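Okay, thanks for coming, everyone.

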Amino acid sequence: MAKPQNATLSAEVSDFILNCFVRSPGWQFWLSLPLSILCVLAMGANATLLTTIWLEASLHQPMYYLLSLLSLLDIVLCLTVIPKVLAIFWFDLRSISFSACFFQMFIMNCFLAMESCTFMVMAYDRYIAICHPLRYPSIITDQFVSKAAIFILTRSVLLVVPIPILSARLNYCTRNIIENCICANMSVSRLSCDDVTINRVYQFAGGWTLLGSDLILIFLSYTLILRAVLRLKAEGAVVKALSTCGSHFILILFFSTILLVFVLTHAVKKKVPPDVPVLLNVLHHVIPAALNPIVYGVRTQEIKQGIQRLLKKVWY
């Protein structure tokens, strides 16, 4: 694999080796079963949710269109990461081509950014529904959802695409073993014999610009929602409002908590076993994908009834 220092990138490295949990080989066996179950659960639950929203005319509303977008993002994220991780665990297929690695890097970063932005738009949707209910039908329309989807896609692609480009332009001299289960940006970039300061700075700045701004706006939306709910005098109205927002808030909290724990473990990586951030990175791509449709299916009456009608049609 070793080539002259001035060789081109493609001549130096044609593939990478994903060195997954080598310090804790026992983890591979014990993780493969729950990961495969979570992956199947995520695919089945999101497919059921998408089918229900598509077939049920009563669910053809902006809020459910946003939920459909979230399900699509979850499916893509899960399929981008988990099958390769399971292939490593079960068949020791650790090799990944140069192009496939950087494509995976782009998809992971882009779709995580899109998911974060989707949560932000959904928080805005709930803010308008609770704080300005009379204006909700005129503000949150099908056209609004279309524009929001275009904004989510455009913002994420434009800000994320430099990440794999900056990593791909580096020279990888002799090392091609990635100490990770996936092609995470810095796990790949640190193999280069070039200076990766720009990569680190952009990853940090871009990540906090995208996710940080979304979390601030989400927190602001729910602060205003909580203030408006507490002003409601009717007890039933308070319970209904909190129930309506509960599903969104639970999923946003879980998404941001795992992400925050992952960032913190990287920040104090000298005090944390190296395999822990790798595990959190993998789980962050499958657990939210499995939980999102289940939480909505359980807590949203309209979706629960739609799924029940769908199952009746299937079985009868």
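**Salt bridges, sheet and surface**

Let me start inside: R126 is buried, and D125 is buried too, where buried stands for under 20% relative accessible area, exposed for over 50%, and partly exposed for whatever is in between, with a 1.4 Å probe and protein chains only. R126 and D125 form a salt bridge, with their closest N and O atoms 2.7 Å apart. By salt bridge I mean a side-chain nitrogen of Lys or Arg within 4 Å of a carboxyl oxygen of Asp or Glu.

Before I go on, a word on what you're looking at. This is a predicted model, where local features need pLDDT of at least 70, side-chain atom pairs count only at pLDDT 80 or more, and totals for chains, interfaces and linings use all residues. Residues are numbered from 1 along each chain as its sequence is written, and side-chain values use heavy atoms, with hydrogens and water left out.

Now the overall picture. The protein has 13 helices and 3 strands; these are DSSP runs, H or I over at least four residues for helices and E over at least two for strands, numbered from the N terminus. Of its 316 residues, 50% count as buried. Take the contacts with a separation of 6 or more: 78% of them are between residues 24 or more positions apart, a contact being heavy atoms within 4.5 Å. The protein exposes about 16,100 Å², and carbon and sulfur atoms supply 70% of that, by the Shrake-Rupley method with a 1.4 Å probe, where for residues only the protein chains shown count as cover.

What does UniProt list as "transmembrane region"? The unreviewed entry gives residues 33-55, 67-91, 103-124, 144-166, 208-230, 242-264 and 276-298. Those positions are in the numbering used here, the feature names are shortened, and the annotations may be inferred rather than shown by experiment. In the model, the span 67-91 is 100% helix and 0% strand, and its end C-alpha atoms lie 35 Å apart. For 276-298 we get 87% helix and 0% strand, with the end C-alpha atoms 31 Å apart.

Back to salt bridges. How many does the structure hold? There are 4. You've seen R126 with D125; another one is D214 with R155, at 2.8 Å from N to O. D214 sits in helix α9 and R155 in helix α6 (residues 142-160), so this pair ties together parts that are 59 residues apart in sequence. Both D214 and R155 are buried.

Then there's R309 with E56, where the closest N and O atoms are 3.0 Å apart. This pair links distant parts of the chain, 253 residues apart: R309 is in helix α13 (residues 301-315), while E56 is in the loop between α2 (26-55) and α3 (62-91). R309 is partly exposed at 35% relative accessible area, whereas E56 counts as buried at 10%.

L310 is buried, with a relative accessible area of 14%. Which residues does L310 touch, leaving aside its neighbours within four places in sequence? The contacts are T48, T51, T52 and L55.

Over in helix α9 (residues 197-230) you'll find S221, buried at 11% relative accessibility. Setting aside neighbours within four places, S221 is in contact with A123, Y124 and Y127.

On to the strands. They form an open sheet of 3 in the order β2-β1-β3, with mixed pairing. β2 (95-97) and β3 (177-178) are the edge strands, each pairing on one side only. Strand β1 (residues 15-18) runs parallel to β3, and 2 bridges join them; two strands pair if DSSP finds at least two bridges between them. I17 has I177 in β3 as its bridge partner.

Next, the loop between α3 and β2, where D92 is found. Its phi is near 55°, a positive value in a residue other than glycine. D92 counts as partly exposed, at 49% relative accessibility.

Last stop, the surface. L41, I294 and V298 form a nonpolar patch there, with about 230 Å² of accessible area together. Patches are made of residues with over 30% relative accessible area and no salt bridge, joining like charges within 9 Å and nonpolar side chains (Val, Leu, Ile, Met, Phe, Trp, Tyr) within 5 Å. I294 lies in helix α12 (residues 287-299) and is partly exposed at 34%.
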